[in-house]
Each structure stands twice: as C-alpha cells, then as structure tokens.
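Me: I have a structure open and would like to talk through how it is put together. Could we begin with a residue and its contacts?

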Amino acid sequence: MVHCKSYPGIPARHQNIDIVLIRQNTDGEYAMLEHESVKGVVESMKVVTVENAERVARYAFEYARQNNRKKVTTIHKANIMKLSDGLFLEVANRVHKDYPELEHNNMIIDNTCMQAVSNPHQFDVMNMTNLYGTIVSNVICGLIGGAGLISGRNYGDHYAIFEPGTRNTGTAIAGKNIANPVAMISASIDMLNHLGHKEHAKVIQDATYQTIVEDAIRTPDLGGNHSSTDVVENILKILSAKRVN
C-alpha cells in the first residue's frame, strides 16, 4: 500500500495529488514460478486466485469506505489476459456490490500510465496485481517528487513490513550523502502508527513536513542543495524542542 500525496512547494509535474495504491504481494506475475521447459525456452507463470484477488479487492474497498474515499479503480490487462486478469477484474466487480456507496471503474494498465501522467487527479484508490502496482507506484511517485519521498506499507495476516514506496535501492548514489532520507523516515512513521505509537509518529511526521516544506531543507532530487545529513539534523533539531509522553 502506497499513499501518494503531494508535499506543497516540492517541484513536481502535478500538485495536490492524493492517491492510494493497493497492490498484491503474492499472486500475479511475481509468483516466482519460472522454469526452463526446454533449453532456450523459459516459461513464467502468472497466478491469479479468487481467494487472493478478493482479499486485495476487499482491502481496497474497505480502505476507501473507512477513509472517506469515493472511488476504487481496478487496473488490469483483461483485454489480452482474458482468463487471469479477467478473473481479477470479475472478482473486483463482485466485491464492489458490497460497497454500493463507492464508485468503481476499471482501466487497462497501458492507459493507466498515460492517464496518471496527464490527469492523475481522476484517481482515488487503485486496486491492482503486483507488477501493475510496481509500474504505477513508480510513475506516480515520480510525478510528485521521486523515489525518496513516499513510503510503502506491506500488510499480512500476522506481519507488516514498512519500506520506501518505490523500493529503489539507490546504489548509484550510495555513500555520497545526497540520498533523500524522507521515504525511509516516513516508513518508520508508518511503523510507529501501526504499532499504536500515534503521538510519536505525529511529532516525527510534523518535523519531517516542516523540514522539507516550511524550512526548505531538501536534497538534490527535490531541487535543493542540502545533504542527507542536513535533512536528518533539521528534523532532530525540531524534535529536540518537543515533549512526547
């Protein structure tokens, strides 16, 4: 789950974006079922199950209902992958019947990328398989500030993992003190919220927001000239004046 929300003042193609991406981590193209059937011929299996398609669709609709969202868009390629993506779309349409107050539409992944670039404000909550989620999250995060800004959350029945939203490794800029630490800090904020430490999460979130929006302490990817250390130290300076129970 990636909440792509614009930060005021950050140089970006679009402003005031507020989209929630909900994608699978299990089924789809990332089922990791590959084999070489004969020498020189590799087959990769895309898996779609009713159980997991319903699980992610219901999570998307439930999230929309609980967070006063208006619309869920299911992303697919059912025009070509008629059985697999057809099933994913069919399940989403069926789950939607339990949420009549919400609007539900669907969009082919190709068109989704174009629409995300040209008119991202039409999207609210997006429901998709793993590969499409990877593509769309990178496109939209790129629109609002790049790989270093937005965090991602992974939820299971028993465990949760928090990480930067685009999952870029950043090896090309490692050790140069120019990487944007905001995505990782935001992932930590998400973890604190998940664990119930709401007050601690709020003060760190506010300090991070003040640093990059009000104080304009920004790394080069956000149009600034500050270092990773500058961002962290400014956040710590703000936190040093706070008292948290």
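This is a predicted model: local features need pLDDT of at least 70, side-chain atom pairs count only at pLDDT 80 or more; totals for chains, interfaces and linings use all residues.

Me: Which residues have the most contacts inside the largest nonpolar core?

Reply: Tyr 7 is one of them, together with Leu 21, Met 126 and Ile 140. That core has 35 residues.

Me: Which elements give two or more residues to this core?

Reply: The strands are β1 (2-5), β2 (18-23) and β7 (125-128). The helices are α3, α4, α5 (182-194), α6 (198-214) and α7 (228-239). Helix α4 supplies the largest share, 6 residues.

Me: What does the second, separate core look like?

Reply: That core has 19 residues, including Met 1, Ile 22, Val 72 and Val 125.

Me: Back to the domains. How far apart are the centres of domain 1 and domain 2?

Reply: Taken over C-alpha atoms, the centres are separated by 28 Å. In the contact, domain 1 takes part with 7 residues and domain 2 with 9 residues.

Me: Now the helices. At what angle do α3 and α4 pack?

Reply: Helix α3 (residues 109-118) and helix α4 (residues 130-144) pack at about 10°, and their axes are 10 Å apart. The two helices are therefore roughly parallel to each other, since an angle under 35 degrees counts as such.

Me: Which residues make that contact?

Reply: From α3 come Ile 109, Thr 112, Cys 113, Ala 116 and Val 117. From α4 come Tyr 132, Ile 135, Val 136, Val 139, Ile 140 and Leu 143. By type, the contact of α3 with α4 has 10 nonpolar residues, 1 polar residue and no charged ones. In general, nonpolar side chains tend to be buried together in soluble globular proteins.

Me: Changing topic: where is Arg 94 found?

Reply: Arg 94 is in helix α2 (residues 84-96).

Me: What is Arg 94 in contact with?

Reply: Setting aside neighbours within four places in sequence, Arg 94 is in contact with Val 50 and Glu 54.

Me: And how far is Arg 94 from Leu 21?

Reply: Their C-alpha atoms are separated by 20 Å, and the two residues are 73 residues apart along the chain.

Technical notes: Residues are numbered from 1 along each chain as its sequence is written. Side-chain values use heavy atoms; hydrogens and water are left out. Axes are lines fitted to C-alpha atoms, for helices over the stretch in contact, and angles run from 0 to 180 degrees between N-to-C directions. Helices (H or I, at least four residues) and strands (E, at least two) are DSSP runs, numbered from the N terminus. Angles under 35 degrees count as roughly parallel, over 145 as roughly antiparallel, 65 to 115 as roughly perpendicular and the rest as oblique. Contact means heavy atoms within 4.5 Å. Ala, Val, Leu, Ile, Met, Phe, Trp, Tyr, Cys and Pro count as nonpolar, Asp, Glu, Lys and Arg as charged, and the others, Gly among them, as polar. A nonpolar core is a set of buried Ala, Val, Leu, Ile, Met, Phe, Trp, Tyr and Cys residues joined through side-chain atoms within 4.5 Å. Buried means under 20% relative accessible area, exposed over 50%, partly exposed in between (1.4 Å probe, protein chains only). Domain bounds come from an automatic or database domain assignment.
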